[in-house]
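I opened the notebook to go through one model and write down what I looked up. The entries follow in the order I made them.

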Amino acid sequence: PDGHTVCGRDSPPAPPQGPRPGRRPRRQSRPRRPPPPLRRPPAVTTTANLVILGGYLLSGVVSARALGPAGRGQLTVVMLWSGLIHVVGTYGLQSSCSYHLARWPDRRTALVTWLGRIAIRQVLTMTAVSAAFLYWLRVRLHLTPVLTIESTTWPAAMTLVAYGASCAQGMADFRRFTLIRVISGATPAVLMIVGAVSLRLTPADAVAAYLVPAWCGAVIACAWLRQAAKAPWEDPLTRRERRAMLSYGRRSLASHSGLTLNNSSDQLTLALLVPASAVGLYTVSSTASSPLPFLIASFGMVGLPTVAALAGPAKAGATSRVLKRAACLLALAAPLLAALLPWCIPLLYGRRYSAAVVPAELLLLGRIFAAMTRVTDDLLRAHGLPGFGSIAQGAGAIVTITGTLLLARAAHPLAAVSAVSSLGFALTFFLALTRLWAATRRLVPGHAVRGGPVGRDTEGRAQDSV
């Protein structure tokens, strides 16, 4: 329909067509590659996620022991607000990038070129917004000037890393996808250990340990995207294609911002109500119970481009397999982690954090639902439904924020907020799973949408018809 001629592997090439006047000749479109299998990529990304998780936990332990509850609380507030600025500023286009690179393999060069221009504008805007907001945090939380200046550039680095990883994910290039994520995710632990051993670690030093690898990953991502934009020339994206990208991005923005808010609304709200030391204790509880989402996140990362490239019953079957494998791994890991938490927290973080054990056990229940929600949300985006995640995540965030505001002054505020947060995660998962079940049911023969062909993907999204 778009004028391209796709030839089979054994068929003769199409006759050459003359170039249009004043325009470069269009290269013959590349045939769509078959989707990657669902076994090896999850194994590679699971290994990478374990490495990143190990670095994340190790850096959390080092920073908590070196900074104390108050310093750890300041570091947490800066990281959370910078991450929220990054999620809102990207407008959900990193998710749209992954989806459309998998759906439109013949338009990859044009997509990468367009996204590169958008990324430059977003980086400049986010830096300006971050500078203004962190100045307000500096006045409220008494942050040091060095810490404020360092944190200003954090959203920009995270944005460039996210675009590089998303493009690699959409192209099913999991080697580059893993490399970019490991550099920015696992290296901070090494720098933080060196800083804690060689000098007295401060919150500014801890931010620098996160920021330097993030910018290294951003430089590698920019170099690779620039190389991808120089691939065989293609016509720029049409207005209809750009509109489809932005439409998917708007729905993904609601989903991603809701996910970020649901995951961190308890800590963001506590930071405005309790001292920084209490925030530091709660952060240790959240960190100790966080391995589960990292452990099974690879199933959603690999499942998104794989499921998005399929249609009909094959798409429904791949969705079911991804969910089953994630649930099996989660059923094995959750009881083991619950048994280790009472011994690991005092041993790793120190006796000052013994009060974080009970909140961590309560948060672990919520992390089980959060881990499955993360995979379910990726599969919803693979089905062309990125916007529904915002409804589920928003409902969970409302429950968490309301409960935190009501219980922050209770006799045991950290345990009460942990229980409310777990309730919000559970609500989010059941809402997302119900919508995914409805989407896959329509793809199975005998349950197709009335008026649509049986066994075909009948989502009817504008981007699928371009």
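**Entry 1: two loop residues**

I started at Y91, which counts as partly exposed because its relative accessibility is 29%. The model is predicted, so I read every value here as computed from that prediction. Y91 sits in the loop between α1 and α2 (93–103). I checked its backbone next. The phi of Y91 is near 60°, a positive value in a residue other than glycine.

I then looked up A172. Its phi is near 60° too, again positive in a residue other than glycine. A172 belongs to the loop between α5 (154–170) and α6 (174–198). I noted A172 as partly exposed, with a relative accessible area of 31%.

**Entry 2: the overall layout**

I stepped back to the whole chain. I found 14 helices and 0 strands in the protein. Read from the N terminus, the elements run α-α-α-α-α-α-α-α-α-α-α-α-α-α.

How many of the residues count as buried? I noted 54% of the 466 residues. The protein exposes about 20800 Å², and carbon and sulfur atoms supply 66% of that area.

Residues 24 or more positions apart account for 83% of them.

**Entry 3: salt bridges**

The count of salt bridges came to 4. I went through several of them.

I looked at D173 and R176 to begin with. These two form a salt bridge, and their closest N and O atoms are 2.8 Å apart. R176 counts as partly exposed, at 24% relative accessibility.

I moved on to helix α12. D377 and R381 meet there through their side chains in a salt bridge, at 2.7 Å from N to O. They are 4 residues apart in helix α12, so about one helical turn separates them. D378 also forms a salt bridge with R381, with the closest N and O atoms 2.2 Å apart. D378 and R381 are 3 residues apart in helix α12, so they too are separated by about one helical turn.

I wrote the three down as one group. D377, D378 and R381 are linked in a network of salt bridges.

R381 is buried at 5% relative accessibility. D378 is buried at 8% relative accessibility. The cut-off I used for buried is under 20% relative accessible area.

**Entry 4: aromatic pairs**

I searched the whole structure for aromatic pairs and found 9. I wrote out one of them, F369 with F430. Their ring centres are 5.8 Å apart and their planes stand at 50°, so I logged the pair as tilted. F369 lies in helix α12 (residues 357–382) and F430 in helix α14 (residues 413–441), so the pair ties together parts that are 61 residues apart in sequence. F430 counts as partly exposed, at 46% relative accessibility.

Ring pairs link W81, F133 and W136.

**Entry 5: a serine in α14**

I stayed in helix α14 and looked up S418, which is found there. S418 counts as buried because its relative accessibility is 0%.

Which residues does S418 touch? Leaving out residues up to four places away in sequence, I listed Y282, P359, L362 and L363. I checked the spacing to Y282. S418 and Y282 are 136 residues apart in sequence and 8.6 Å apart in space, C-alpha to C-alpha.

**Entry 6: cysteines**

I looked for disulfides. The structure holds 0. I then checked the accessibility of two cysteines. C222 is partly exposed, with a relative accessible area of 34%. C328 counts as exposed, at 52% relative accessibility.

**Entry 7: a nonpolar patch**

L58, I193 and V197 make a nonpolar surface patch of about 260 Å². I followed up L58. L58 is found in helix α1 (residues 40–89). L58 counts as partly exposed, at 37% relative accessibility.

Methods: Residues are numbered from 1 along each chain as its sequence is written. This is a predicted model: local features need pLDDT of at least 70, side-chain atom pairs count only at pLDDT 80 or more; totals for chains, interfaces and linings use all residues. Side-chain values use heavy atoms; hydrogens and water are left out. Patches are made of residues with over 30% relative accessible area and no salt bridge: like charges are joined within 9 Å, nonpolar side chains (Val, Leu, Ile, Met, Phe, Trp, Tyr) within 5 Å. Accessible areas come from the Shrake-Rupley method with a 1.4 Å probe; for residues, only the protein chains shown count as cover. Buried means under 20% relative accessible area, exposed over 50%, partly exposed in between (1.4 Å probe, protein chains only). Rings of Phe, Tyr and Trp (its six-membered ring) pair if their centres lie within 6.5 Å; planes under 30 degrees apart count as stacked, over 60 as edge-to-face and the rest as tilted. A disulfide is a pair of cysteine sulfur atoms within 2.5 Å. Contact means heavy atoms within 4.5 Å.
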